[in-house]
Amino acid sequence: MMTILAMDTSTEALNIALGEDTGQLIAEYSLVVGKQHATLLHPLIDDMLSTLSLTPKDLTAIAVGVGPGSYTGVRIAVTAAKSLAFALSIPVLGVSSLLAAAYAQRDQQGIVLVAFDARRSQAYTGIYLADDGRLTPLIEETKLSYEEAIRQVKVLTTSYQQERVIIVGDGRKQAMNYANRSLQKVVSSHQSMQISAKDVFQVALPEVTQRLTRAQGELTQDAQTLVPTYLQLAEAEARWRSLQQERLTNDK
Amino acid sequence: MAMNNSNDYMTRATARYKADSQARQRDPSLPVDILAIESSCDETAAAVIRDGHIVLSSVVASQIESHQRFGGVVPEVASRAHVEQIIQVIAQALQKAGKELHDMQAIAVTFAPGLIGALFVGVTAAKSLALAADLPFLGIHHLAGHLYASAVSDRLDPPFVALIVSGGHTELLHVTGHGAMVRLGHTRDDAAGEAFDKVSRALGLGYPGGPAIEQAAKLGNPAAFAFARALLEEGSLDFSFSGLKSAVLLVLDKHKRAQKEVPVADIAASFQMAVVDVLVHKAMLALQRTGLSTLVIAGGVAANRALRDRLLDVCQVCGVRLVVPDLWLCTDNAAMIGAAAYYRYQQGKLSSLDLTAVATLSIDAW
Ligand SMILES: [Zn+2]
């Protein structure tokens with residue numbers, strides 16, 4: 001039996017799950033714990049495994065939501081995932097937290113907009129086509145103003161001839177404000193958890209199964225190079241870059 | 001109903017600890033190898049330390065260059081770099097030591113104090129390695145790490161007085177036993193290293209300020225400016241460096257307003273002298289107060305030549321044994337964390353998986 005540990009801490013919820021390579025989910029823990037991800041993640045993994053009479057050595061792969069989301073939150077799951085994978089010499093796979101959030105809507109028909117609030121009227125945005133149980137990304141995930149996100153959704157509804165739009169994520173209310181003005185059939189979907197670890201597990205599954213055949217060297221490489229997706233420069237970095245830009249233009 | 005798991009992490013790690021201890025009782029030549037991790041500020045570091053003093057490997061990935069353009073450490077930039085580098089650094093430390101993770105007796109990590117986001121990365125990595133490999137795990141106070149940097153080159157037999165001076169700390173400690181300390185004094189405002197950084201920036205000497213000021217001061221006259229030494233109340237072992245920093249800025253300002261050339265070297269030398277005077281004065285006062293005759297210095301500022309030379313002179317005159325860490329061990333590294341962890345390990349003070357990073361924690365509360 002192959003056992004895969006999945007986790008996501010990019011929102012205020014701490015989510016972990018265990019699944020088998022057949023796609024069967026074995027266990028899932030979800031806690032809304034605010035800023036305690038760093039404290040609770042490992043005790044929960046330990047508890048989940050030992051409750052099932054497993055140890056970390058029984059794991060065959062790790063899947064992790066790499067964000068975007070809370071910077072600190074994302075770093076905790078990503079660091080844990082790459083460290084566990086390194087220590088156990090098993091594959092680790094990063095999954096977009098936006099895609100994982102959209103995954104719960106895969107059985108719908110229409111355009112799925114995932115909007116994680118990024119403050120200042122902007123959202124980390126992913127747009128997907130949900131069709132016949134399949135989910136296809138339509139844009140590269142990015143940070144957009146709510147207005148621009150809805151504008152892009154509108155264009156995509158036309159080009160993919162879709163009527164329904166489903167909006168998820170903690171930015172869905174702000175997105176709805178714009179959507180109601182320009183779109184017809186919009187649903188804001190409240191998911192009890194924005195992201196569940198079982199969806200991270202499902203999204204990762206096909207690729208994880210492939211990686212199980214990888215050589216040791218490549219596995220170590222994966223653990224070493226996995227990084228969070230921030231979709232945004234650190235503030236100081238952004239300021240510094242725009243200052244450089246100004247200087248360049250002033251010099252001209 | 002609480003489930004009683006007989007196969008949880010703590011049970012396995014404790015069993016491992018006991019098995020290793022028993023094996024060492026039968027064969028005392030068996031070593032204690034600890035993989036230590038440090039990420040409290042802008043260095044991502046890992047090391048393998050044997051028996052608290054033999055450095056099998058020490059890897060430090062410095063971020064200085066990425067922070068230089070900001071004139072100081074930017075926490076978010078530091079945290080991002082830590083996540084990127086942490087496994088590379090750990091893998092390198094193990095490889096250089098010729099060891100595998102499961103060869104270790106324990107994992108140690110700095111959990112306090114420091115930049116919270118940066119600490120989270122090291123603590124999370126350490127907990128993951130410990131959990132995966134069933135190894136005992138030890139959360140270490142960063143200042144205890146600095147303190148034990150000297151254990152690598154010297155015997156460190158408490159009791160002694162310790163002076164820890166770095167970019168984040170200025171502390172005088174009475175170390176009564178391994179891991180047991182009483183704080184005698186600390187800075188009420190800027191840390192000594194912080195003052196170096198701020199003055200260096202004002203003088204246009206760049207970041208980090210310690211080495212920059214030291215270099216500039218070599219060509220200057222330390223008596224050129226009589227900056228006031230803040231000794232605080234009679235007999236106080238606390239420090240204050242923000243007044244000194246302001247005094248330097250005032251002199252700078254006067255020169256600029258009068259459109260006179262700024263005597264950078266003289267200011268650097270006079271400022272450095274003022275800091276050294278205060279540090280030495282308080283350290284001597286602490287030795288007198290405790291009646292002890294060993295002084296251990298630690299931290300980035302302990303690399304300062306002027307401070308080292310003066311302490312050597314004064315300690316020789318007073319018959320005090322001065323313990324100074326090797327230069328490479330003064331700035332942040334993981335070897336010192338592994339050295340401190342060894343004593344903690346010997347005492348069986350294992351951490352549990354719910355240990356988390358703490359931004360501020362007095363060392364005597366550890
Ligand atoms: Zn330090």
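At 23% relative accessibility, E148(A) counts as partly exposed, a label for values between buried (under 20%) and exposed (over 50%), found with a 1.4 Å probe and protein chains only. This is a predicted model, where local features need pLDDT of at least 70, side-chain atom pairs count only at pLDDT 80 or more, and totals for chains, interfaces and linings use all residues. Residues are numbered from 1 along each chain as its sequence is written, chains are lettered from A and ligands numbered from 1 in the order in which they are written, and side-chain values use heavy atoms, with hydrogens and water left out.

Let's look at the partner of E148(A). Its side chain meets that of R151(A) in a salt bridge of 2.9 Å, N to O; the term stands for a side-chain nitrogen of Lys or Arg within 4 Å of a carboxyl oxygen of Asp or Glu. Side chains of opposite charge can pair when their charged atoms come close. Both residues lie in helix α4 (residues 146-159) of chain A, three residues apart, about one turn of the helix; helices here are DSSP runs (H or I, at least four residues), numbered from the N terminus. R151(A) is partly exposed too, at 47%.

Now turn to chain B. In helix α3 (residues 75-97), R80(B) and E76(B) sit four residues apart, and their side chains form a salt bridge of 2.7 Å, N to O. Both R80(B) and E76(B) are buried.

Another salt bridge joins R257(B) and D253(B) at 2.8 Å, N to O. R257(B) is exposed, at 69%, while D253(B) is partly exposed, at 34%. Over all chains, the structure holds 25 salt bridges.

Definitions and conventions: Helices (H or I, at least four residues) and strands (E, at least two) are DSSP runs, numbered from the N terminus.
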